[in-house]
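Please work through the following exercises with the sequence and the model open beside you.

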Amino acid sequence: MADWLTLKGIEKSFGSAVKALKGVDFRIGQGEIIALLGENGAGKSTLLKAITGLQPPDTGDVGWLGETVSLSTPAKAAALGIQMVYQELNLSPHLSVAANICLGNEPTRFGIIDHKAIYQRAKEVLDAHGFAIDPAAMVDSLGPAQRQLVEIAKALARDAKVLLLDEPTSSLGEQDILSLFETLRDLRAKGLGIVYVSHRLPECFAISDRFVILRDGELVYEADTADTDTSKVVKAMVGRDLKDFYPRAAIEPGAVKVAVDLPGFKLDIHEGEVIGIAGLTGSGRSRTLRTLFGLEPSTGTLTIDGKSVPLGKGPHICIDAGVGLLTEDRKKTGLAIALPIRHNTTLAGLDKIAPGPWLLHGPDKAATQKQITALAVKTPSTENAVGNLSGGNQQKVVLGRWLHAESTVLLFDEPTRGVDVGSKVEIYERMNDVTRKGSVVVLVSSEIPELLGMSDRIAILFHGKLVTVINRADTSPERVLHWMMTGRDIAPTETADPPHQEANS
Amino acid sequence: MTLAKRLLPAVSLILLFLFFASQSAPFRSMDNITNIVGQNAWLLIASMGMTIVILGGGIDLSVGSVMAFSGVVSVHLMVNMKVPVPLAMLAGLAAGGVAGAINGLLVTKLRIPAFIATLGMLLIARGAALSLSKGVTVDGAPEAFMQFAGGKFFNIPTPLIMTIAIAGLVALAMHFTKFGRYVQAIGSNAEAARVSGVPVHKTLLWTYILGGIFAGFAGLVEAARQGSGNPTSAEGYELDVVTAVVVGGASLSGGEGRVSGTILGVLLVAFLRNGLNLIGVEPFLQKAYIGALILAAVAFDQWARRKSAA
C-alpha cells in the first residue's frame, strides 16, 4: 500500500537566523499510528503546520499516494484529507454536536441551512465510528472526552485520511484515554494514518506503531514501537543520557511537618517527603489540593509545624502559613501571561521585599533575578513578558513564585504537563532541593511513572476518599492503577509480595 | 506594551499640535493653552480614576452622572444648607466615593458585570442628582468655591496644579505600591492573582471607590468653573473619559495601561476638540472626529498585537 503522505527534504526557516526544519523526511502510511515526539522547539509544531498547509515549507517534495502534490494552503491539505485536532479544542460550546461537526460545511437547501441534513450527516459519522454521542446535544453539556470525540468526528466528516492529534489526552482521565485509544485503533483498522503528538511516553508506547523523534529541526530517531524503549526514546529526545529519568533523591524523612485531617483524607506528612496523590479524574485530586490551599470551603483541619491553619478562608491565610499551589492550568490560573516575569515572580511574596505599602523596583528585580538564576529560566531579562517563554520556563516562573514566597508546603498539580523533557528533569531536581531543606511536596499527576518515580509515598484517592497510602518501595504501576480503578488492592495471588497495608500513617 | 504603542500617542499629539498651530494663530496663544487646561481639568482627573478601573479589568460608565451628582451635592450643601465650602466639597467627594463603592460591591459581591453595574449607577446617580436639586440648577455658589477652579497660585492656574499633582500621585501609586501591582495582576489574570494570595475583591472595590472619588473631584471642578450645581451636566462625559484612556494605550481587557499614556490621551482629545473649533470645523462634525480617533487608536492596537504575535 502506498503511503498517504511522503515528505522529503522539508526545510523551513523563520527569518535568516532560525532554521526550524533542516531537511526532514517524514512519511505517514495507511493504517498506522505514529508517535511524533520532541522537546519544545524541536520542530514538531512547524512540521505539523507544514503538513496542514498553515506554513508551507521553503523547500522539499510532498507526495500523496505516490503523486507529487502541493500543500501550500490549508484548503489544499484539507481537500486531500489531512485534518488536525488541536490541543485546545475548537468547538463552539453553544452549538449542537451536529452543527459543530458540519460547521463550515453545512448542507443547504435553496440557500438555506438544512438542519435535518446536518443532523443526518452528523449521525451517520458518529454511528459509523460507534461514537455514543447524541448529535442534538449541546457541546457545552459534554465532558472533555466526548468533546474530543466530537472534534475527531468533525475531522472524519471532512473525509480525513490523515489525522493529526496534538496532545489529545491532556484533558482526559485514565478511562477516557483508554476509550480514545479504542477509537484510534478502529480508525487505524479503517486505513487512516494517524500522527499522535504527546509528551506522555507511556501513552505513546501504548498506542503507536512507530516512533518518530525530532530534535533541533532534524529527524533524529525513527523506530518501530516494538523495537524501542523509554530510555532510547528519551535519549533521542534530549540528545544525552538521562541516567535516571526520575531523579528522586533518597532523603530521610524528619518529624511530622504537616497534619492533614479533611473528611475522607487524613494524612501526616514528614519533613523532606514527596507525597504523590493518585486517582482517576474526578476522584478529588485537584480538589484536595485546592482545599489545602484555602480555595474550597472545608470542615477539615490543616496543621503546619504544630500551628493550625484555618481552611476555606481564602488562599492568603494558607500562603502566610507557607503553602504554595502550582495550579493545573498555568495559563488560565497560574500566570498573568502579558505581564513581565518580575510581576509574576514576586506576586505571592510581595511582603518579603516590601513590608509596607510601597514597592520599590530594585529589590523586586533582584528577587526575581535570584529565582531566574536558581531555576535556570531562559530569558533575556526580568522584564520579559511570561507569554514569550516556553511551557517549561513558564512553569519554572510559577515555581519561582513559591520559592520567593518561601513556601515550605508545595502543592504541585500536574507540574510537568506540557513541559519539555529537559525542563521536567529540572523541575524534579528542584523538588529534590526543597525537600532536602525539609520542605514537603504534594504531587498530583496523571502520569503514573512520574508519581512512582518522584514520590516517597503515594496516597490513592478513590471517589473522593483516601483509600490507602503506599510506600514507594512496595509499589508497581499495576498495583497503583488497580487501587485507582477499584479502590482495592491487587488480589494477593497476583503479586509476589504479601500485600502491604499502611492506611493513614 | 510595545515601544511603538507607547510612542504613538506622543507622536500623534506632537503632529496634531503642530498642525493646529500652523493652521490657527489663536491656537498657539498662551491664553488658549491656559483655556484648554481649565476646560479639560475634569477630563484628566476623571481619566485618572478610569485608568485605575480599566487597568483592573473593569470599566466605569457612571462617571458623567457621578460628576453631576457630586457637583449638586456640594453646591446644594453650601448654597441651601450654608455648610462651609471645604466641608461641602468633602461631602461631594464622599458622594462620588459612595457611588464608586456601590459600583465595586455590585461587581465583586453580586458579580454583576462592570458594564451593567456601572450602567445602573449611571441612571441612579443621575436620578439622585435630579431629585436632590428638584431638577433645576443650584445657582449662586460662593466665590471661595469658584476660586477653586479659576484661581491662580504663583501665577499658575490652579487646575493645572491640581491635575499635575493628581496625575503624579496616581502614577506613583500604580508603579510603586503593592496596590498598583495588585490592580495590574488582577486585570491581567484575576484567577492567577487570587491563587497568588492577592486580595482580589478588596483591591477591585478600591479601584471603583477611587474611580468614584476622582469622578466626584472632576464634578467639583466643573461645578466650580460654572459656579453652580447642574443636575443635567456632564451627560455622556464617561465616553470622553474612556476615549482618552484607550487612546492613551490602555487595553479594555485589563492589565495594560499607564498614567503617562492617559495624560497623552487626554491631551489628544482636548487639543483635537479645541483645534477643530478654532479652524472652523462645524461642532456637529467634531464628535465624528473624536469617534475616528478612538477607532484609529484601537485599530492600531490590534494591528500591533498581531504583529508582535507573529
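**Exercise 1. Find where pLDDT stays under 50 in chain A, and decide how that part should be read.**

Step 1. This is a predicted model, in which local features need pLDDT of at least 70, side-chain atom pairs count only at pLDDT 80 or more, and totals for chains, interfaces and linings use all residues; residues are numbered from 1 along each chain as its sequence is written, chains are lettered from A and ligands numbered from 1 in the order in which they are written, and side-chain values use heavy atoms, with hydrogens and water left out.

Step 2. Over residues 493–505 of chain A, pLDDT (the predictor's confidence in each residue, from 0 to 100) stays under 50. For this stretch the model has 18 contacts beyond four places in sequence, a contact being heavy atoms within 4.5 Å.

Step 3. Where pLDDT is low, the predicted coordinates should not be read in detail.

Step 4. For chain A as a whole, the mean pLDDT is 87, and 94% of its residues reach 70 or more.

**Exercise 2. Describe how domain 1 of chain A and domain 2 of chain A touch each other.**

Step 1. The domain assignment, whose bounds come from an automatic or database source, gives domain 1 (5–238) and domain 2 (256–494) in chain A. Their centres, taken over C-alpha atoms, are separated by 32 Å. Domain 1 of chain A brings 13 residues to the contact and domain 2 of chain A brings 17 residues.

Step 2. About 1,200 Å² is buried between the two domains, 58% of it from carbon and sulfur atoms; buried area here is the accessible area (1.4 Å probe) that two parts lose on being put together, summed over both.

Step 3. Between these domains the count is 0 salt bridges, where a salt bridge is a side-chain nitrogen of Lys or Arg within 4 Å of a carboxyl oxygen of Asp or Glu.

Step 4. On the side of domain 1 of chain A that touches domain 2 of chain A, α6 (174–189) and α8 (230–238) of chain A each supply at least two residues, helices being DSSP runs of H or I with at least four residues and strands runs of E with at least two, numbered from the N terminus. The most comes from α8(A), with 3 residues.

**Exercise 3. Characterise the interface between chain B and chain A.**

Step 1. In this interface, 20 residues of chain B are in contact with 32 residues of chain A. The two chains bury about 2,000 Å² between them, with 60% of that on carbon and sulfur atoms.

Step 2. The residues of chain B that lose the most area to chain A are B:Lys178, B:Arg181 and B:Val195, together 36% of what that side buries.

Step 3. There are 2 salt bridges between chain B and chain A. In a salt bridge, the side chain of B:Arg181 meets that of A:Asp364 (2.7 Å, N to O).

Step 4. On the side of chain B that touches chain A, α7 (158–176), α8 (178–188) and α9 (190–195) of chain B each supply at least two residues, and α8(B) gives the most, with 6 residues.

**Exercise 4. Locate A:Asp159 and B:Arg111, and state the phi of each.**

Step 1. A:Asp159, although not a glycine, has a positive phi of about 65°, and it lies in the loop between α5 (144–157) and β9 (162–166) of chain A.

Step 2. B:Arg111, also a residue other than glycine, has a positive phi near 55°, and its place is in the loop between α4 (85–108) and α5 (114–132) of chain B.
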